[in-house]
Amino acid sequence: MTNRKVPIIDLKAQLASMEGEIRAAIDSVLDDVGFSNGPATRRFEEDFAAYCGVEECVAVGSGTSALHLAMCSVGVGPGDEVISVSMSFVATAWPILYLGARAVFVDIDPRSYTLDPEQLEAAISPKTKAIVLVHLYGQCADMDPILAIASDRGIPVIEDCAHTPGAEYKGRRAGSMGTVGCFSFYPTKNLGAYGEAGAVTTNDDALAARARMLRDHGQTERYVHDHVGYNYRMDGIQGAVLSAKLKHLDAWNDRRRALAAAYDERLGDCRVITPREAIPGNHIYHLYVIRDDDRSALAASLGRRGVATGLHYPIPIHLQEPFRGMGSDEGDLLVTEELARTCLSLPLYPELRDDQLEQVIEAILAERG
Ligand SMILES: *Cc1c(COP(=O)(O)O)cnc(C)c1O
């Protein structure tokens, strides 16, 4: 057995692959002193709107603030209900609580792991103010039936695109299909800043204007605050870094897909469950998540073979303390709870070398082949 390590992510390798571009981008912000919401941030808004195929992009300080602004902008408030999924990072649902609304969780489809459209209708009530879905692990939710149900009732749809910059569904990019898209550029995401960053995307000018106003202390003009606002601006260095990295995103996503295809092929016959693509070719594999009935033992064995793994996510949102008593208890979301119990994320990032991929595959085949 070798002692080489395969980490779960390798941010140093990515920096090494484009260090000159990154340092030039940061230098340009030092030169123009546009540190907060400056020219580099505005340039990124244009670049990213064009990339996603939307009219408007509002750059913000994190994915969580993007989700909060989106929910504010569609008018979620105290006493409202917001339908969402529980199989996600907790940030998807935090703003529902920030706004005094109630989270109504719907289970996921057992193949795609995204919101099950067949369960959506039954969750809608006269109090439903928004639907917040997640394009989990890099695969878009089944948007056509979801958008049909929502538009029939005039309910806005918010896409949590933290895992899917560049992913497509029937030719449309994530963040361009619903009422609003919310992105996180946390450093480990497919498009990662060198600090905290996020964005809201939309084709609705009025909604974008409202998000811009709320992002900057609710100012309608300088020092006039007609609304409760926030400081959710993106700093200039993140804007410059993100524009530089955006040029590489398609190639990085392609490399992720190629690595996932290799995992699929080599692990297809062993005793773990590999991920499925609802529509082949649309997944961008932010995460490659397998399922195993004894995942703790498998993770420990892989660890002894130098292979790091992750858990996304071990406790679903409806079982987190602040969400208790909202209506979903243990046993209510069976597919979600089963995935939370069995999920295991394998190393997958564009910089993963072929010999590292081989080491992961051989380690799994040795345990579950
Ligand atoms: C990372 C992430 C977020 C939150 O983004 P931050 O930038 O960390 O605030 C929201 N939703 C999902 C699904 C995420 O993975």
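The model discussed here is a predicted one. Gln14 belongs to helix 1, which covers residues 11-17.

Leaving out residues up to four places away in sequence, Gln14 touches Tyr194, Lys245, Trp252 and Glu351. With Lys245 there is also a polar contact between the two side chains, at 2.7 Å.

An open sheet is built from seven strands, and their order across it is 1-9-8-5-4-2-3, with mixed pairing. Strand 1 (56-60) and strand 3 (102-106) are the edge strands, each of them pairing on one side only. From one strand to the next, the twist averages 20 degrees.

Two of the pairings involve strand 9. Strand 8 (residues 180-184) pairs with strand 9 (residues 198-202) in the antiparallel sense over four bridges. Within this pairing, Gly181 stands opposite Thr201 of strand 9, and Phe183 has Ala199 as its bridge partner. Strand 1 is also antiparallel to strand 9, and these two are paired over five bridges. Here Ala59 stands opposite Ala199 in strand 9.

Is strand 9 enclosed or open? Five of its five residues are buried, so strand 9 is largely enclosed by the rest of the structure. Cover is found on both faces: Gly198, Val200 and Thr202 are buried on one side, and Ala199 and Thr201 are buried on the other.

Helix 3 (residues 39-52) is in contact with strand 1, strand 8 and strand 9. The direction of helix 3 makes about 135 degrees with that of strand 1. Helix 4 (residues 63-73) touches strand 1, strand 4 (128-134), strand 5 (157-160), strand 8 and strand 9. The direction of helix 4 makes about 165 degrees with that of strand 8.

## The ligand

There are 14 residues around the ligand, and those that come nearest are Gly63, Thr64, Asp160, Ser184 and Lys189. For His163, an N or O atom of the side chain is 2.8 Å from a ligand oxygen. For Ser184, the corresponding distance is 2.7 Å. For Lys189, a polar side-chain atom lies 3.0 Å from an oxygen of the ligand. On its own the ligand has 380 Å² of accessible area, and the protein covers 92% of that.

Asp292 is in the loop between strand 12 (288-291) and helix 10 (295-304). Its relative accessibility is 5%, which means that Asp292 counts as buried.

Which residues does Asp292 touch, not counting those up to four places away in sequence? They are Arg271, Val272, Leu298, Thr342 and Arg368. Arg368 is 76 residues from Asp292 along the chain, with 9.4 Å between the C-alpha atoms of the two. The side chains of Asp292 and Arg368 make a polar contact of 2.8 Å.

## Around strand 10

Gln219 is part of strand 10 (residues 219-221). At 17% relative accessibility Gln219 counts as buried, because the limit is under 20%. Neighbours within four places in sequence aside, Gln219 is in contact with Met213, Val224 and His225. The side chain of Gln219 also reaches the backbone nitrogen of Tyr223, at 2.8 Å.

Tyr223 is in the loop between strand 10 and strand 11 (224-225). With a relative accessibility of 62%, Tyr223 counts as exposed.

## Backbone exceptions

In general, most residues other than glycine have a negative phi, and most peptide bonds are trans. Tyr223 has a positive phi, near 65 degrees. His217 likewise has a positive phi near 65 degrees. His217 is in the loop between helix 8 (205-215) and strand 10, and is partly exposed, with a relative accessible area of 32%.

A cis peptide bond joins His312 and Tyr313, with omega at about 5 degrees. Tyr313 is in the loop between helix 10 and helix 11 (334-342).

Terms used: Residues numbered from 1 in each chain as written. Predicted model: local features only at pLDDT ≥ 70, side-chain atom pairs only at ≥ 80, totals over all residues. Heavy atoms only, no water. Pairing = 2+ DSSP bridges. Axes fitted to C-alpha atoms, helices over the stretch in contact; angles between N-to-C directions. Contact = heavy atoms within 4.5 Å. Near = heavy atom within 4 Å. Polar contact = N/O pair within 3.5 Å; in protein donor to acceptor, adjacent residues only side chain to side chain. Areas by Shrake-Rupley, 256 points an atom, 1.4 Å probe, with all protein chains shown as cover. Buried < 20%, exposed > 50% of the residue type's maximum accessible area, 1.4 Å probe, protein only.
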